[in-house]
Amino acid sequence: MLDSRPPEAPSVAVIIPAYNEADTVADVVRVGLQLAPQVVVASDGSDDATAAVARAAGARVVELAENVGKGAALRAALDATNAEFIVMLDADLTGLTLDHLRRMLRPVISGELDMSIGVFEGGGFVTDWGNKLTPHLSGQRVCRRDWLLAVPHLGEERWPEPAITAHLKATGARWDYVELPQVGQVLKEKKRGFWNGAWARTRMYADLLTFRARRKKS
């Protein structure tokens, strides 16, 4: 006798690494919960109310004792879920909707892509420009959890996007960019003050752009 039960829907989790993002993380969590019941925020040693705000918004929160970088936070969030598919989001997004998440998830769930990478479109001149100049550094991605866990050095990199991109190339994975209309990010200069934000941005890009050289030496 044929089994007439419908196939189980694939399990999906939204994971959000966050460092001092109390002003924006709740909105991102709430959109994530529209897509999936599992939303995990990894607070990377935040010294503001990020963890409490995310928890109040409905997320499961993993708290790292100190700020060790986005890669470690990402890995901690991955360890907190067994979902088959992972939606990765930054905690400082603006303009995010359920439709944006579905746009990224759909080609991965269908098997068309191994990873989709979200890029901003119309969310603000500065964030659009930065995202289009270096779209491979976007933090908005969807893939299988087991593939992401196999990325070498994932939890060791303060900014893990170059390690993920290198693994895409090494494994011959199928990937593509997905436009996210009207989505942007709060600039570091606005969150931390101009000079502190500019210094944080400089350090971030220095770390991102020296990934290959650092890994060749190790």
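## Strand E6 and its partners

Strand E6 (residues 115-121) and strand E8 (175-181) run parallel and are joined by seven bridges, where helices (H or I, at least four residues) and strands (E, at least two) are DSSP runs numbered from the N terminus, and two strands pair if DSSP finds at least two bridges between them. Within this pairing, Glu 121 stands opposite Pro 181 in E8. E6 also pairs with E7 (141-144), here in the antiparallel sense and over three bridges, with Ser 116 opposite Val 142 in E7. Six of the seven residues of E6 are buried, which leaves the strand mostly covered; buried means under 20% relative accessible area, exposed over 50%, and partly exposed in between, with a 1.4 Å probe and protein chains only.

The model is a predicted one, in which local features need pLDDT of at least 70 and side-chain atom pairs count only at pLDDT 80 or more, whereas totals for chains, interfaces and linings use all residues. Residues are numbered from 1 along each chain as its sequence is written, and side-chain values use heavy atoms, with hydrogens and water left out.

## The open sheet

E6, E7 and E8 belong to an open sheet of seven strands with mixed pairing, in the order E3-E2-E1-E4-E7-E6-E8. Strand E3 (60-64) and strand E8 stand at the edges with a single partner strand each, so one side of each is left without a neighbour in the sheet. Neighbouring strands of this sheet are turned against each other by 20° on average, direction ignored; the axes are lines fitted to C-alpha atoms, for helices over the stretch in contact, and angles run from 0 to 180 degrees between N-to-C directions.

Strand E1 (residues 12-18) and strand E2 (residues 38-44) run parallel and are joined by six bridges, and Ile 15 stands opposite Val 40 in E2. Helix H7 (residues 161-171) packs on the sheet, where it touches strand E4 (85-88), E6, E7 and E8, and its direction makes about 50° with that of E7; contact means heavy atoms within 4.5 Å.

In helix H1 (residues 25-35), the buried residues are Val 25, Ala 26, Val 28, Val 29, Val 31 and Gly 32. These buried residues pack against E1, E2, helix H2 (50-57), strand E5 (93-94) and helix H4 (98-109).

The largest nonpolar core has 33 residues, and those with the most contacts inside it are Ile 16, Val 29, Val 41, Val 87, Leu 89, Leu 96 and Met 104; such a core is a set of buried Ala, Val, Leu, Ile, Met, Phe, Trp, Tyr and Cys residues joined through side-chain atoms within 4.5 Å. Two or more residues of this core come from each of E1, H1, E2, H2, E4, H4 and E8, and the largest share, five residues, is that of H1. Leu 96 is in contact with Val 28, Val 31, Leu 89, Leu 101 and Val 183, leaving aside its neighbours within four places in sequence. A second, separate core of 26 residues includes Leu 74, Ala 76, Val 151 and Ile 164.

## The loop between E1 and H1

Tyr 19 is found in the loop between E1 and H1 and, at 27% relative accessibility, counts as partly exposed. The C-alpha atoms of Tyr 19 and Asp 90 are separated by 9.9 Å, although the two residues are 71 residues apart along the chain. Thr 24 is found in the loop between E1 and H1 as well, but Thr 24 is buried, with a relative accessible area of 12%. Not counting residues up to four places away in sequence, Thr 24 touches Ala 91, Asp 92 and Val 186.

## The chain as a whole

The chain holds ten helices and nine strands, and buried residues make up 50% of its 218 residues. Of the contacts with a separation of 6 or more, 72% are between residues 24 or more positions apart.
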